[in-house]
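Please look over the structure below before reading on. The points that follow are numbered so that each can be checked in turn.

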Amino acid sequence: MPKVKYSAFVDDLQKLINYIPSVTELAKIIGITQNALSSRKSSNGYFSEKEQNLILTFYKKNKSLDDDCLSIPVRGDVTASMGYGVTIYDEKQTGIYQISSKLANDLGINPQKTEMIFASGDSMLPTIEGGDSLLVDLNRKEVYDGRIYCVRIEGQLYAKRLQKIPPTKIIVISDNQKYQSFEIDFSKQIDFDFEIIGEVRWWGRVAK
């Protein structure tokens, strides 16, 4: 199998798996950094024969052939930081992510109100790692203690655990103890934008 240009390989791969895999997802499979693969994508570099085999083997092993699947929109290479935030410039849909109908039913999600993005950073370790796929339920914006949410603060996305302190306070918590928690009191005027995008209902990790 000769080496193949990035764009040509991903086009062929999309036909096999029915969605466009993200740079984060592919980088995890072949064992290189997201930045390295992003540079290769920008220059339309090559996938080696070994890398192609790793990717194809992964998707053949993990693709369900007999399970009824549902499609979830993927927002490009949008990432929810678990550290200091990632500024979002472009949130257009670039592909789909397929999950089983059973998983969707178990989670109680509506695929039309659910999106897939990707995590970066280390502040939610050991629960969530950088590169993990995050299934965000856009219908679930009410805070329940101890659950993980995707939030936007000053134009940056974060995956954080939220704790509600009635009647007006929320504590934003990182699972990694080297990051400090902080409190938002909605009874007072806050000097930054804050929005709950949705609850992270499930996260997946590419096998190492």
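1. S133 has a relative accessibility of 6%, so this residue counts as buried. Here buried means under 20% relative accessible area, exposed means over 50%, and partly exposed is in between, with a 1.4 Å probe and protein chains only. S133 belongs to strand β7, residues 133-137. Helices (H or I, at least four residues) and strands (E, at least two) are DSSP runs, numbered from the N terminus. Leaving aside residues up to four places away in sequence, S133 touches Y97, M116, I117, F118, W202, W203 and G204. A contact means heavy atoms within 4.5 Å.

2. A word on the source: this is a predicted model, in which local features need pLDDT of at least 70 and side-chain atom pairs count only at pLDDT 80 or more, while totals for chains, interfaces and linings use all residues. Residues are numbered from 1 along each chain as its sequence is written, and side-chain values use heavy atoms, with hydrogens and water left out.

3. The protein has 208 residues, of which 43% count as buried. It contains 5 helices and 12 strands. Among its contacts between residues at least 6 apart in sequence, 65% join residues at least 24 apart.

4. Which residues of the largest nonpolar core touch the most other members? They are Y6, L13, L26, L37, F47, I55 and Y59, out of 16 residues in this core. Helices α1 (6-17), α2 (23-30) and α4 (49-62) each supply at least two of the core's residues. A nonpolar core is a set of buried Ala, Val, Leu, Ile, Met, Phe, Trp, Tyr and Cys residues joined through side-chain atoms within 4.5 Å. L26 touches Y6, V10, L13, P21, L37, F47, I55 and Y59, again not counting residues up to four places away in sequence. A second, separate core has 12 residues, including M124, V136, A159 and I197.

5. Helix α1 can be checked for length. Its 12 residues, at 1.5 Å a residue, should span 16 Å, and the end C-alpha atoms are 16 Å apart, which agrees. The expected span is 1.5 Å times one less than the number of residues. Within α1, the residues Y6, F9, V10, L13 and I17 are buried. Viewed down the axis of α1, the buried residues fall within an arc of 95°, so they line one face of the helix. The arc is that of the directions from the helix axis to the C-beta atoms. An α-helix has 3.6 residues a turn, so residues three or four places apart point the same way.

6. Two peptide bonds deserve a look. The bond from L125 to P126 is cis, with omega near 5°, and P126 is in the loop between β6 (114-120) and β7. The bond from P166 to P167 is also cis, with omega near 5°. P167 is in the loop between β9 (156-165) and β10 (169-173).

7. Where is N44 placed? N44 is in the loop between α3 (34-42) and β2 (46-47). Its phi is near 50°, a positive value in a residue other than glycine. At 25% relative accessibility, N44 counts as partly exposed.

8. E154 also has phi near 50°, positive in a residue other than glycine. E154 sits in the loop between β8 (147-153) and β9. With 47% relative accessibility, E154 counts as partly exposed.
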